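Start with the structure itself.

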Amino acid sequence: MTATGTAPLRKRAARPAPAKVPRRRRLTERRSKALAFIVLTAPMLIGLAVFRYVAIGWSFLLSFSEARRTISLGKWVGLDNYKELLSDERFRDSLTMIVLFTAMIVPVTFVASLGLAVLVNRVRRGRAFFRTAFLLPAAVSYVAAAMIWKMALFSGVPSGLANTIGALFGADATPWIQTQSPPLYWIVLVTLRLWLQVGLYMILFIAGLQSIPPHLYEAASLDGAGPWRTFRSITFPMLRNTSVAILLLMFIAALQAFDEFYAIFSTGASLGSEPVRTPLMHLYGVALQDQDYGVGSAGAFLLTLLIVLITLVQGRILGFARDKD
Amino acid sequence: MSVLFVAGSAVACSSNPQATASAKGAKVTLTQWYHQYGEEGTQAAVKRYAKEFTKANPDIAINVVWGADTSQYETKLNAALLGADAPDIFELGDFRAEMARKGQLEPLDDVYGSAKDGFNKADIDYLTVDGKLYGMKTIDDIMMLFYRKSMLTKAGVTPPTTFAELTAAAKKLTDGDIKGLFIGNDGIGDSPYLLAWSQGVDMIKDGKVVYADAAKSIGGLHDLHSDKSILLGFTTDWYDAGAFTQGATAMQWCGLWALPTVEKALGDDFGVVPWPAYDASGKPVARLGGWSQAINSKSKHVAEAKKYLQWLWVEQSAIQMDWAVKYGFHVPPQNAVAAKTPALSKGAAKDTVTIGTKYGISFPAEWTQAMQAEFIAAAADIAQGDDPAKTLKKAQSKAQSDLDKQMG
Amino acid sequence: MNRYRGSVLGSAVTYLVLCLLSVVFLIPFYVLLRNAFMTTPEITATDWHWLPSSLNWDNFTSLFDNPERPFGRSLANSLLIAVISAPVSTLFASMAGYALARINVPGRGVVLSLIVGTLMIPQAVTFLPTFVVVGSMGGVNTMWGLIAPGLFNAFAVVLFRSFYLSFPAEIEEAGRIDGLSYLGVYGRIILPNSVTMIASLGALSFIEAWNSFLWPLMIGQDPNSWTVQIALSSFLTSQTVNLPELFAGTAVAILPLVIMFLVAQRHIVQGIAMSGLKS
């Protein structure tokens, strides 16, 4: 709370410049600073080195090797794995699909969570209740949520909740997950995803909303601004930086979509009959099911490349890449 | 960091079966993996078998590790085989010849010995790679078509003997919320394999992937889907008899394992038939599945592991019978044992065993998960109306390059 | 006058919308609980029932009775894992986040991108090398093998960094003048002042540890080291699906998180409110 109150002061003071100190002290100062930096970042860096960087480096080498049912290196094949994947129509389709999906789902998630945040923030009574109701789903695992969606809400039999409600309006029982024209499975996927994720983003937006100084609203109210104009001229601009950060997280999450697709479409033994597949689903099949670690790793780096490109473009447009201080 | 040490010591206290087993005086402890069986009592049973073996062979203790469900088990096993903590003996659902060719499996010809001729011939062929046997079936699972007698009579249809009859029956049996046929929640299930086989087409023949020849029969999936006569999106999938016993479908593709449940729910109001021949020139088919055991070629105790496998799955016919029919419903792979099993010698169980012997077909051993995914995806596209010949050709050429890669 | 009526109408509409939405958001929980008390035929029945015909508490008791599925033990394992990894991972992230925000040394940008970069590389495919690395260090079937790889959370580092960027500098400077070293400032001043932030991100990392599936599946080979998510997946086998226990088990598995959320949600909001995501 102190942080929000004194926020404007921070920018100037962010880099405490050691003014006028003797040279000797400055030297030990610099050394103690470096020491502190090393001590504080070491656990994270060592941990990431052991559990992530080694694996990432290894995977990178594997992406240039033939590695079926083994992860030992040695049978170098150059760019063959990359070529194989890019010539695979199903993988290419999955890349196109995920770009379109991201383009659709990010705005929807963004508007839904911002909308909820604004609504929840507007009410006085029951705010804690609404906040909790929307945040609770974040505690549910994808597997459990998909099970509820598949077996109870959107099952194809008349006893599914969606079909029960449909029957009230005289509709026949519909197999939601299996219907491809029109693609009703998107309703299943998108509602599941929103249910699980919106609460978390909503909380981040509420945090941003609460840090907007109230006097701005008072001024707007005196000017006679309506709710929509207040939102457009105060709320939204003041949320700009929150929004940019949340968008970055949303883009990464959308491009790496896997869990709800897999949980909804997997039929037991293996994949294949799903009407849409994300790149990560394809790679899961290649690497963890079919045991082709060379091609699987190549795919991971292609997907990483796509993520980096899209977040860079996003950063260009919205200015996230700019150094903050 | 100190918290980590606390975690470490917490583990030190947790029971380590390997340590306790070897403490009892056994010289060698073998680790044996099973996937998760759904039937009650299965885990206790395999532990009991292991104990009996140690009683007879005090030098060798067995550490039974009960694993994940089928969909995760293979992933988990493959990961373990890459690492330092691989099991000595493990179960395999779909046998993968590639594992043998990559040197991950130990040949088991000497374990079979002269008993080899007594095993189901189809199983022996399935588990043979380049002239050597790399696995030992512990149960055969037969998959077949269940039909509800009363519903068929009411609709005036007989159990189908051709695919045309099947689609016609499914259509006739569909009545409002009750569907004619259930082959899987995705409307695909194993049907593409069954359709191809029933047309007389194999997946792989003489080192070539040839399933595109089955364009005619797999194209039939589109009719089933546009007729809206198949059940989609039920609560449980085809391998559970729920849809059939609940009366949501008149016919369901399921397996022998579900027979006790179906009998309990429906009495004798049901029958079993193979998947019908595609047409007069085709043949009826059933899928032959089940589980095999194999030995890790990198195991430090291959000789002991072989001794155990031989004792358990070749010699102990009482245990094999117990394992096959006491908890679920499966067929023992040794013909003589199967013939002696009383539960399999009457009623629908007997019909199923006959179906399995006459029409049972396994997946090819060269089949991989990538080929499976590609084939099923093609069939799913065809069900939605894509051109069968073109779609299958494309999938087939991809599968062929996978196969070439596998054969080296 | 007009404006007054508008705002009353507006807040009535707001309440109405929020009430409707929260009902929609809570329906899946209701369905889960409903199914948890039902029998298999009721769950797979062809018509919808709003309530189970009777409360089958057996579904819950049999969860813990079955010696073949160590459900109780898996709950305890998950609890231990989450209770250890949430505070430790949050502490590590806080330390790194603070250094990256406030200690200006050469190479800081490189360290930042090294950490943020791990967010962009999908974890699913680097999984096996990680598994082999941890396995070769003897981590299979051990508690540390289950916990350690999840302790290093780049996402939390990014959030902590922006939180500390907006931390009032005067307090730090006061500490420095009092003769505290950089580390002293962090330990004595920063850490005690970021308790709410630590609580919020700790709660999120608790959820993550609790719900993770693939890693515990591979590293915890023995049923004794199963986590609750693995135990739940064991109700869906290839032969039969035990629906009542599956739903009952899922309800039990969600319960600790729901309780934690109800208790912690105030802190969570306040913590993130301070995080300075507004930069």
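How many Å separate the centres of domain 1 of chain B and domain 2 of chain B, taken over C-alpha atoms? In this predicted model, the separation is 28 Å. The domain assignment places 25–141 + 290–355 of chain B in domain 1. It places 142–287 + 364–407 of chain B in domain 2.

The two domains touch. Domain 1 of chain B brings 18 residues to the contact, and domain 2 of chain B brings 17 residues. On the domain 1 side, helix H5 (97–101), strand E6 (136–147) and helix H18 (347–359) of chain B each supply at least two residues. H18(B) gives the most to that side, with five residues. That side of domain 1 of chain B holds nine nonpolar, three polar and six charged residues.

Now the chain interface. Here 33 residues of chain C are in contact with 37 residues of chain B. On the chain C side, helices H2 (40–44), H4 (71–102), H6 (123–136), H7 (143–147) and H12 (214–219) of chain C give two or more residues each. H6(C) gives the most, with five residues. The chain C side divides into 18 nonpolar, 13 polar and two charged residues.

Chain C also carries annotations. An unreviewed UniProt entry lists "transmembrane region" for residues 12–33, 79–100, 112–137, 143–164, 185–207 and 246–264 of chain C. The table describes two of these spans.

| Span | Helix | Strand | End C-alpha atoms apart |
|---|---|---|---|
| Residues 12–33 of chain C | 100% helix | 0% strand | 31 Å |
| Residues 143–164 of chain C | 73% helix | 0% strand | 32 Å |

Definitions and conventions:
Residues are numbered from 1 along each chain as its sequence is written. Chains are lettered from A and ligands numbered from 1 in the order in which they are written. This is a predicted model: local features need pLDDT of at least 70, side-chain atom pairs count only at pLDDT 80 or more; totals for chains, interfaces and linings use all residues. Two residues are in contact if their C-beta atoms, placed from the backbone, lie within 7 Å. Helices (H or I, at least four residues) and strands (E, at least two) are DSSP runs, numbered from the N terminus. Ala, Val, Leu, Ile, Met, Phe, Trp, Tyr, Cys and Pro count as nonpolar, Asp, Glu, Lys and Arg as charged, and the others, Gly among them, as polar. UniProt positions are given in the numbering used here, feature names are shortened, and annotations may be inferred rather than shown by experiment. Domain bounds come from an automatic or database domain assignment.
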